[in-house]
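Colleague: Before we chat, can you put the model up on the screen? I'd like to go through some of the labels one by one.

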Amino acid sequence: MKLIFTLLFAFLLLVGCSKESNDNKQICNLADPLNELAWLKEIKNSLTNCSCQISILQATYDGQTVFYTAMTDPLCDGVQTYTLYNCDGKVVEVIPSDKVQAFQTKVTDVKNLYGCKN
């Protein structure tokens, strides 16, 4: 589990942080984002030996398609921070753990693209 978060943190450092302006918001119309987006495929491949289920989710948030990972195992409890990526793999926003519930009320069209669990 620590390895997963370490890998995701390292990935965030490599990607960097950027805010999209309202004019640059985009909706991805992809049939298979896990295989069509190389950066998302890398995240999927980094999720191995998960003691708790970690999912890659696609959703619509603030008028654009976003991708993020989340702990979706009902038997695991932990503090989560969501990092939202756009279709290009750029960080759109980081949702801190104290804002996750508010985020979940604003996000729509959530699709579970992948789940990692032993």
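This is a predicted model: local features need pLDDT of at least 70, side-chain atom pairs count only at pLDDT 80 or more; totals for chains, interfaces and linings use all residues.

Colleague: Why is Asn49 called exposed?

Modeller: Exposed means over 50% relative accessible area, buried means under 20%, and partly exposed is in between (1.4 Å probe, protein chains only). Asn49 has 59%, so Asn49 is exposed. Asn49 sits in the loop between helix H3 (38–46) and strand S1 (54–61). Helices (H or I, at least four residues) and strands (E, at least two) are DSSP runs, numbered from the N terminus.

Colleague: And what makes Asp62 partly exposed?

Modeller: Its relative accessible area is 48%, so Asp62 gets the in-between label. Asp62 is in the loop between S1 and strand S2 (64–71). Phi of Asp62 is near 55°, a positive value in a residue other than glycine. For Asn49, phi is near 50°, again positive in a residue other than glycine.

Colleague: Why does Thr65 count as buried?

Modeller: Thr65 has 3% relative accessibility, and the label needs under 20%, so Thr65 is buried. Thr65 lies in strand S2, and its side chain reaches the backbone nitrogen of Cys28 at 2.9 Å.

Colleague: What makes that pair a polar contact?

Modeller: A polar contact is a pair of N or O atoms within 3.5 Å; within protein, one must be able to donate a hydrogen and the other to accept it, and residues adjacent in sequence count only if both atoms are side-chain atoms.

Colleague: Last one: what makes something a nonpolar core?

Modeller: It's a set of buried Ala, Val, Leu, Ile, Met, Phe, Trp, Tyr and Cys residues joined through side-chain atoms within 4.5 Å. The largest one here has 18 residues, and those with the most contacts inside it are Trp39, Leu40, Leu47, Ile56 and Phe67. H3, S1 and S2 each give two or more residues to this core.

Key. Residues are numbered from 1 along each chain as its sequence is written. Side-chain values use heavy atoms; hydrogens and water are left out.
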